[in-house]
Amino acid sequence: MRYNVAQFLMEPVGSQWDFQVNEEAVLETGVKERVQGHLQLTHFNKSIWARAELDVEVDEVCGRCLKSFRQPIHASIDETFQHAVTTKRDEDAGPPEAGNVELFIDESDTLDLREVLRQYLILNHPVKSLCRPDCKGICLFCGSDRNLNQCQCQKQSSDPRWARLVALGSRSGEQP
Ligand SMILES: [Zn+2]
Ligand SMILES: [Zn+2]
């Protein structure tokens, strides 16, 4: 995820480099994850435009059945990296554009995609993590995994919320 672009910055503006990405990178959790996909760099004036289509799988816990599974996440990266040395020289021109503050090619001409990828993975993370789209989850009453077995609670009523209401109703009916 780190690329030395010293040679690339000497090529004419408009030049493009294409990479196949298939490597392990330490991302958010501190665990190494395999990153696969395609990266294209375009040389702009004093900056590099990076576009990438990357796929990563991370460890997740299913929001319904609470089991661990591998969550695939896709990141479509589209960012511009400024050269740190150039930017320092241009400090008088005013603050850099919001959102691009951290995207620098450092003094050793290294373009580091890891932080950008980390942010894109957070943005593209599903709101609800499910081990599979039709995960049935765990039974509200007995806690058993409904993907594995149909417990007795489910047989008594097709909808557990009704079962709870019925139970409440019969209880109140017993009172004098
Ligand atoms: Zn699940
Ligand atoms: Zn049950």
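This is a predicted model: local features need pLDDT of at least 70, side-chain atom pairs count only at pLDDT 80 or more; totals for chains, interfaces and linings use all residues.
**Zinc site**

I started with the zinc ion (ligand 2) and looked up what holds it. Its donors are the SG atoms of Cys 139, Cys 142, Cys 151 and Cys 153, at 2.2 to 2.4 Å. Next I checked the geometry: the angles among the 4 donor atoms run from 104 to 115 degrees, and the site comes out tetrahedral. I wrote down the spacing of the donor residues along the sequence as C-x2-C-x8-C-x1-C. Cys 139 sits in the loop between H3 and helix H4 (152–156), while Cys 153 is in helix H4 itself, so this pair ties together parts that are 14 residues apart in sequence.

Then I asked myself: are Cys 139 and Cys 153 buried or exposed? Both are buried. For Cys 139 I have a relative accessible area of 3%. Cys 151 is buried too, at 7%.

With cysteines on my mind, I also looked for disulfides, and a search of the whole structure gave 0.

**Nonpolar core**

I moved on to the largest nonpolar core, which has 28 residues. Val 35 and Leu 117 have the most contacts inside it. Which elements give two or more residues to this core? I listed strands E2 (16–26), E3 (32–44), E4 (47–61) and E5 (68–83), plus helix H3 (114–123). E4 supplies the largest share, 6 residues.

Technical notes. Residues are numbered from 1 along each chain as its sequence is written. Chains are lettered from A and ligands numbered from 1 in the order in which they are written. Side-chain values use heavy atoms; hydrogens and water are left out. A nonpolar core is a set of buried Ala, Val, Leu, Ile, Met, Phe, Trp, Tyr and Cys residues joined through side-chain atoms within 4.5 Å. Buried means under 20% relative accessible area, exposed over 50%, partly exposed in between (1.4 Å probe, protein chains only). Helices (H or I, at least four residues) and strands (E, at least two) are DSSP runs, numbered from the N terminus. A disulfide is a pair of cysteine sulfur atoms within 2.5 Å. Donors are N, O and S atoms within 2.8 Å of the metal (3.2 Å for Na, K and Ca); water is not among the atoms, so sites may look incomplete. Four donors count as tetrahedral if all angles lie between 85 and 135 degrees; four count as square planar and six as octahedral if opposite donors are over 155 degrees apart and all others between 65 and 115; anything else is irregular.
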